[in-house]
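Hello,

Here is the structure I promised to pass on. Please have it open while you read the notes below.

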Amino acid sequence: MRRALLVHAALAAGLLIGLTPAVHAQAASAPAASNTAKATFAGGCFWCVESDFDKVEGVLSTTSGYIGGKTTKPTYEQVSTNRTGHAEAVEIAFDPAKVSYEQLLEHYWRSIDPTVKDRQFCDVGHSYRTAIFTHGPAQAQAAQASKEALQKNKPFKEPIVTEIVPATAFYPAETYHQDYYTKNPVRYRYYRTSCGRDARLKQLWGDQAVQH
């Protein structure tokens, strides 16, 4: 099921012409600096995940893309059929001296609904699942510890169903998806509000919810 049925596709379709290539899309293929680490999170609509993490001090860049599937270099149209196995996700480059991976995990949990499978807010389908794609044993251990701690202290009754899996090939999304919230603020705000993301986060997390 495509994002918000036809809402998201309609908003994005009009942006294919006359766009400047996104910096984030270019950065995804550049070699990482020695003081840069990488985190990859799936939290439903990657427009929203980008927006939520770009505000975190120590985050250097965010790139929307697709991960966890079987198709090489998938397109948005392919992923949105929920047949390629990919999740919409965001690859985050961050400075560990300014923000730790554990802090990013805390921010991640409070920016998603971890109680539902193959869905986030109004977006339904396997491509909208929540998942932490770990880069190495240290991240896997940290993510599992964070999830176990959250199970004990979460402010809601439902179990957490978010996956923790090793990262596979990440494919940057099309240029018009990168930095969508800054290039199209009115359309983005309409989508985010109509999808009920912030209302549900407030319901789940209360004052702990990531503020948009």
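Tyr108 and Trp109 are both buried in this predicted model. Their rings form a tilted aromatic pair, with 5.6 Å from centre to centre and 55° between the planes. Tyr108 and Trp109 also belong to one aromatic cluster, together with Phe41, Phe53 and Tyr101.

The count of aromatic pairs comes to nine. Another of them joins Phe46 and Tyr66, again tilted, at 5.8 Å centre to centre and 50° between the planes. Phe46 sits in helix α3 (residues 46-54) and Tyr66 in strand β2 (residues 59-67), so this pair ties together parts that are 20 residues apart in sequence. Phe46 and Tyr66 are both buried.

Now for helix α6, which is worth a look on your screen. Helix α6 covers residues 137-153, and at 1.5 Å a residue its 17 residues should span 24 Å; the end C-alpha atoms are 24 Å apart, which agrees.

Which residues of α6 are buried? They are Gln139, Ala142, Ala143, Ser146, Lys147 and Leu150. Viewed down the axis of α6, the buried residues fall within an arc of 135°, so they line one face of the helix. In general, an α-helix has 3.6 residues a turn, so residues three or four places apart point the same way. The buried residues of α6 pack against β1 (37-43), α5 (101-109), β6 (130-134), β7 (163-166) and α9 (197-205). On the other side of α6, Pro137, Ala138, Gln141 and Lys152 are exposed.

Best wishes

Conventions. Residues are numbered from 1 along each chain as its sequence is written. This is a predicted model: local features need pLDDT of at least 70, side-chain atom pairs count only at pLDDT 80 or more; totals for chains, interfaces and linings use all residues. Side-chain values use heavy atoms; hydrogens and water are left out. Rings of Phe, Tyr and Trp (its six-membered ring) pair if their centres lie within 6.5 Å; planes under 30 degrees apart count as stacked, over 60 as edge-to-face and the rest as tilted. Helices (H or I, at least four residues) and strands (E, at least two) are DSSP runs, numbered from the N terminus. Buried means under 20% relative accessible area, exposed over 50%, partly exposed in between (1.4 Å probe, protein chains only). The expected span of a helix is 1.5 Å times one less than its number of residues. The arc is that of the directions from the helix axis to the C-beta atoms. Contact means heavy atoms within 4.5 Å.
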